[in-house]
Amino acid sequence: MTKTVYILNGPNLNLLGKRQPEIYGHDTLADVEAVCAELGEKIGLKTRLLQSNWEGQIIDWIHEARDAAQGIIINPAALTHTSVAVLDALNTFDGPVLEVHISNVHQRESFRHHSYVSQRADGVIAGFGVEGYALALRRMGRLLA
Ligand code: CA2
């Protein structure tokens, strides 16, 4: 059976490609979705990319993934640095979790240097632009093989 990977995106990432291109680049989340769907097909993974500005919605999707997906790739956006609730939700998920950040958070403000999610993540990618999603998906392919 084809394995499914949830690609979850937190607050404000709906604006990707539309604001602050100097930090986040010109690609939109729809572009990321298309690239991941195409790569997923190539490596035998079904992808479902979701974005919400609401913490509770992200948590609900993580719960949904417990039954519906074998792996989670997550860019929690600002929730990375604030949310024990997202960490707790990820701790209820049994499969691999990969954390993606478009920008190099370690080169930015000190409040971006700590991630609650990293305590659960099996791998972290930061500073590769939106290419980080495809890199994470390739890694997910290996982890789920
Ligand atoms: O680098 C990343 O991917 C971040 O997760 C992005 C978050 C930020 O709070 C994290 O520290 C690092 C911000 C997402 C906001 O996305 C926007 C995209 C385009 C325009 C405005 C905001």
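Tutor: Helices are DSSP runs of H or I with at least four residues, strands are DSSP runs of E with at least two, and both are numbered from the N terminus. The model discussed here is predicted.

Student: In the loop between which two elements is Ala77 found?
Tutor: The residue has a phi near 55 degrees, a positive value although Ala77 is not a glycine. As for its place, Ala77 belongs to the loop that joins β3 (71–75) and α4 (84–90).

Student: Is Ala77 buried or exposed?
Tutor: A residue counts as buried under 20% relative accessible area. Ala77 has a relative accessible area of 15%, so Ala77 is classed as buried.

Student: What is the phi of Gln20, and is the value positive or negative?
Tutor: Most residues other than glycine have a negative phi. Gln20 lies in the loop between β1 and α1 (21–24). Its phi, in a residue that is not glycine, is positive and near 45 degrees.

Student: What is the relative accessible area of Gln20?
Tutor: Partly exposed residues fall between the buried limit of 20% and the exposed limit of 50%. Gln20 is therefore partly exposed, at a relative accessible area of 42%.

Student: How many residues are in the largest nonpolar core?
Tutor: Among the residues with the most contacts inside this core are Val5, Ile7, Ile73 and Leu137. The number of residues in the largest nonpolar core is 23.

Student: Which element gives the most to this core?
Tutor: The elements that give two or more residues are β1 (3–9), α2 (29–43), β2 (45–51), β4 (97–101) and α5 (131–143). The greatest contribution, five residues, is that of α5.

Student: How many residues does the second, separate core have?
Tutor: Its members include Leu50, Ala65, Leu79 and Leu90. The size of this second, separate core is 18 residues.

Student: What is the relative accessible area of Ile73?
Tutor: Ile73 sits in strand β3. Beyond four places in sequence, its contacts include Val5, Leu98, Val100, Tyr133 and Met140. Ile73 is buried because its relative accessible area is 0%.

Student: At roughly what angle do the axes of α2 and α5 cross?
Tutor: Two packed helices are described by the angle between their axes and the distance between the axes. The axes of α2 and α5 come within 10 Å. The angle at which the axes of α2 and α5 cross is roughly 25 degrees.

Student: Are α2 and α5 roughly parallel or roughly antiparallel to each other?
Tutor: Angles under 35 degrees count as roughly parallel. The axes of α2 and α5 cross at roughly 25 degrees. The relation of α2 to α5 is therefore roughly parallel.

Student: Is the crossing of α2 and α5 left-handed or right-handed?
Tutor: The crossing of α2 and α5 is right-handed. In the contact, α2 supplies residues including Leu29, Val32 and Ile43, while α5 supplies residues including Tyr133, Leu137 and Arg138. By class, the residues in the contact of α2 with α5 are nine nonpolar, two polar and one charged. To restate the handedness, the crossing is right-handed.

Student: By what distance are the C-alpha atoms of Leu50 and Asn14 separated?
Tutor: Leu50 is part of strand β2, and a relative accessible area of 11% makes Leu50 buried. Outside four places in sequence, Leu50 touches Tyr6, Ile7, Leu8, Asn9 and Trp61. Leu50 and Asn14 lie 36 residues apart along the chain, and their C-alpha atoms are separated by 9.8 Å.

Student: What is the relative accessible area of His101?
Tutor: His101 is placed in strand β4. Among the residues that His101 touches beyond four places in sequence are Asn75, Pro76, Ile125 and Phe128. His101 is buried because its relative accessible area is 6%.

Student: How far apart in space are Val124 and Leu98, C-alpha to C-alpha?
Tutor: Val124 lies in strand β5 (residues 123–126) and is partly exposed at 47% relative accessibility. Val124 and Leu98 are 26 residues apart in sequence, and their C-alpha to C-alpha distance is 5.9 Å.

Definitions and conventions:
Residues numbered from 1 in each chain as written. Predicted model: local features only at pLDDT ≥ 70, side-chain atom pairs only at ≥ 80, totals over all residues. Heavy atoms only, no water. Core = buried A, V, L, I, M, F, W, Y, C linked by side-chain atoms within 4.5 Å. Buried < 20%, exposed > 50% of the residue type's maximum accessible area, 1.4 Å probe, protein only. Axes fitted to C-alpha atoms, helices over the stretch in contact; angles between N-to-C directions. Parallel < 35°, antiparallel > 145°, perpendicular 65-115°, else oblique. Left-handed = near helix turned anticlockwise from the far one by under 90°. Contact = heavy atoms within 4.5 Å. Nonpolar A, V, L, I, M, F, W, Y, C, P; charged D, E, K, R; others polar.
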